[in-house]
Each structure stands twice: as structure tokens, then as C-alpha cells.
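Me: I have a protein model open and would like to learn how to read it. Please take the features in turn.

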Amino acid sequence: MNDRRNRRRRRSGNGLIDVLNGLLTLLVIGLVVVGGGLFYVASQYYGDGPTREDRVFRVESGNTLSTTANRLEEQGFITNSMIFSQFGSRVEESAVVKAGDFNIPAGASMSEILKELTQGNPLRYAVTIPEGWTVWQAIQRLNADDRLTGSIDQLPPEGSILPGSYDYTPGDTRQSVLDEMQLAMTQALAEVWESRQPDLPLESPAELLILASIVEKETGIASERPQIAAVFVNRIREGMRLQSDPTIIYGITLGQATLDRGIRRSEIEEQTPYNTYQIDGLPPTPIANPGIEALQAVANPDSHDYLYFVAKGATPREGHVFAETYAEHQQNVARYREIAAEAAAQAEAEAEAARRALEAAEAEEVTTGTDGETAQ
């Protein structure tokens, strides 16, 4: 009987050992499987990616990590969207992707891509509106930018855009960029108005904006703007008409074309709401979008007694010459006309010389054979 009990104890002990051995074997197999799986996932995540050249990837506004992963796989940046999103969200500092265009280097790993999309800086895109452009020109540029969406079908008020460079993310609406431009002008005009000279003969920020647009169109030389502004301020104080050529042009084009010729005598005498040779005071609206320097020049013009100015030379870069009296101004105008005539004559002579040189070259080609010998 004791022998039977001993045999049962041995079988019982052996069964427990067998169970433990079986569990241990399963555990080892499980660890091997799990470890092998983790190794595979990690090698896929940290290993070189499939791209063979630098490429740009766009994260649309509102895209989640999962959506981004699917698009990356579809476009061949990664090989497994599940590993990218599930494993990446657990091992990286951030799993919140930014909107924008990102430069992805050739062979970038999933880890490198996710870090770029969550911590890197999107490529910078901007639309630039030069000083003195009209709203029509600005909207033309916005509508031509194919990285923006939507359209602007109605022109905003003239002068409501502050010239400058405005960053955006591809996919942003044109209206949102326009809103930013207009907000910038509203804020700049308010600040400039608050800092204006106390005795300025302007009744409102709107009047300052109108005069600044005229100053902007009269000169592209920054140092001249306070001088030009002072001339117009002096004229307003004296009750004189502004007599600004750019206002004639705006009355003709309404800012929706360029006048690629000189102003005619009939246009100087034409009655339009903008022609300051024919109307008293300021035109009804700005004639362009002035920059911040033109706004500041009108708010704080120079102190002088000049009432007239005319171009100093044949090109705008040469600036203007100023006068206090009409007689002095007439002398300056006469000198300008002489300079302009001399420049026109020189340009005509240079064009004639170029034409003759071209004719001589063509004649040489006709009389010379292909082997360089004179043709018979």
C-alpha cells in the first residue's frame, strides 16, 4: 500500500512539473513571438523609408494622425500606416500633426517623418502686395495663387489693404488672407492716426488714408515721402487744389488697368470725381493701397513752405525738385522738359544704333557662306 501511495505522489509531482514545463515553454514561445513582432515593428518604424528623393508632403488642415498615416502610405512615403500611427503615437513626444507642406528627405524613416510633421516647421508660403498697388491688382494676385482656395468675386474698398508679405498655409482661403491684409491696414491706420501731428488739416483717419495713397503714388523714394506729404498738407492749408497726376490716372482706370502712356491735355481738363486738377480737396476714396511709411509721412510731414514739385530727372529714381513759388516751379518744369527731351533723343539714338547694328549683322550673314568664305 505504501508503494501505491509513493507511486501516486511521484505521478502527481511529475504532472505538476509537466504543467510548469508546458507553461514555461508557452511563455518562452510567447516571448519569442512578441519579441520578434516588436523587433519587426521597430525595424519598420526606425528603418529607412521607401522614398528615393526629397519630396514634399502636405498635411491638410484638420487631418488626424490616422488620416495622415493613410495618405503617407498611399503616396509612398511609408510602407505601413498602422505601424506609423499606432506605434508612433506611443513612442514619440507628440502625435498631433501640423497643417502645411513639409519637406521629407529621401529615405526618411517613419520616426523621422512623424517628428517632422509634429515638431518641424512647415514650408513658408506667402503672398506679397507691393506698396501702391490697387485692390484690383491685389485681388488678381490672390486669385492667381493656386495654393489658396475659394475665390474673391467682389473688390474690397480701395485702400483697405496694407501692403506687405502675408504667410499662409496651402489650403487656406483667399478670403482669410484678404481678411488678414485688411485687419493689418485697420490696425496700422488707427495707430498712425493716434500719433499724428496735432495741427494736421485732416478730419479723419479716412482722409489720412486718401492723402497717403496719393503720396504713395507720387514717389517710390522713402526719404521723399515726408516732403511730398508736406507739399500736399501745405496746399490743403492754403486752399489750393492738390493737382496730383496719379489722381487723373485713377479717374481714368479706376485702378483696374495701367496707363502706359503720358496724360493728355484733355484728360487733365476732364471732370472726374478723382481729378484733383478739377476738384477741391481730396478725392472720394484712396487711389491705391499705401504702405506704412506713406501713412506715417502724412501723419507727420516735414516742416517746409514748398507748394510745388516736379521730377528731377528722366527716371523716378532721381526723385523730385521742390519750389515755394509758381515762378520757381515753372523754371523747374522747363528744366525737367529739357532733361526729358535729351533722354528721349538719347534713347532714340541708341535704338537707331541698335537697328543699324542688327541690319549690318544680317547683311554679313547673307554675304558669308557656311565655310566662312565670301559667297559668289
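The dialogue below goes from the whole chain to single residues.

Reply: Start with the source: this is a predicted model, where local features need pLDDT of at least 70, side-chain atom pairs count only at pLDDT 80 or more, and totals for chains, interfaces and linings use all residues. Residues are numbered from 1 along each chain as its sequence is written, and side-chain values use heavy atoms, with hydrogens and water left out.

Me: What is the mean pLDDT of the protein?

Reply: pLDDT is the predictor's confidence in each residue, from 0 to 100. Here the mean is 85, and 85% of the residues reach 70 or more. Over residues 25-35 the pLDDT is below 50, and this stretch has 2 contacts (heavy atoms within 4.5 Å) beyond near neighbours in sequence. Residues 368-376 also stay under 50, with 4 contacts beyond four places in sequence. Where pLDDT is low, the predicted coordinates should not be read in detail.

Me: How many helices and strands does the protein have?

Reply: Helices (H or I, at least four residues) and strands (E, at least two) are DSSP runs, numbered from the N terminus. This protein has 12 helices and 6 strands.

Me: How many of the residues count as buried?

Reply: Buried means under 20% relative accessible area, exposed over 50%, and partly exposed in between, with a 1.4 Å probe and protein chains only. Of the 376 residues, 36% count as buried.

Me: Which residues touch the most other members of the largest nonpolar core?

Reply: In soluble globular proteins, nonpolar side chains tend to be buried together. A nonpolar core is a set of buried Ala, Val, Leu, Ile, Met, Phe, Trp, Tyr and Cys residues joined through side-chain atoms within 4.5 Å. The largest one has 48 residues, and Leu142, Leu208 and Leu295 touch the most other members. Elements that each supply at least two residues include β3 (125-129), α5 (135-144) and α7 (205-218). The largest share, 9 residues, comes from α6. Beyond four places in sequence, the contacts of Leu142 include Val127, Val177 and Met181. Another core, of 19 residues, lies apart and has Phe77 and Met110 among its members.

Me: Is Ser244 buried or exposed?

Reply: Ser244 sits in the loop between α8 and α9 (245-253). Ser244 counts as buried because its relative accessible area is 0%. Leaving aside neighbours within four places in sequence, Ser244 is in contact with Ile214, Glu218, Phe232, Thr276 and Tyr277.

Me: What covers the buried residues of α9?

Reply: Those buried residues include Pro246, Ile248 and Tyr250, and their cover includes α7 and α10 (265-268). After α9 comes Leu254, with a positive phi near 55°.
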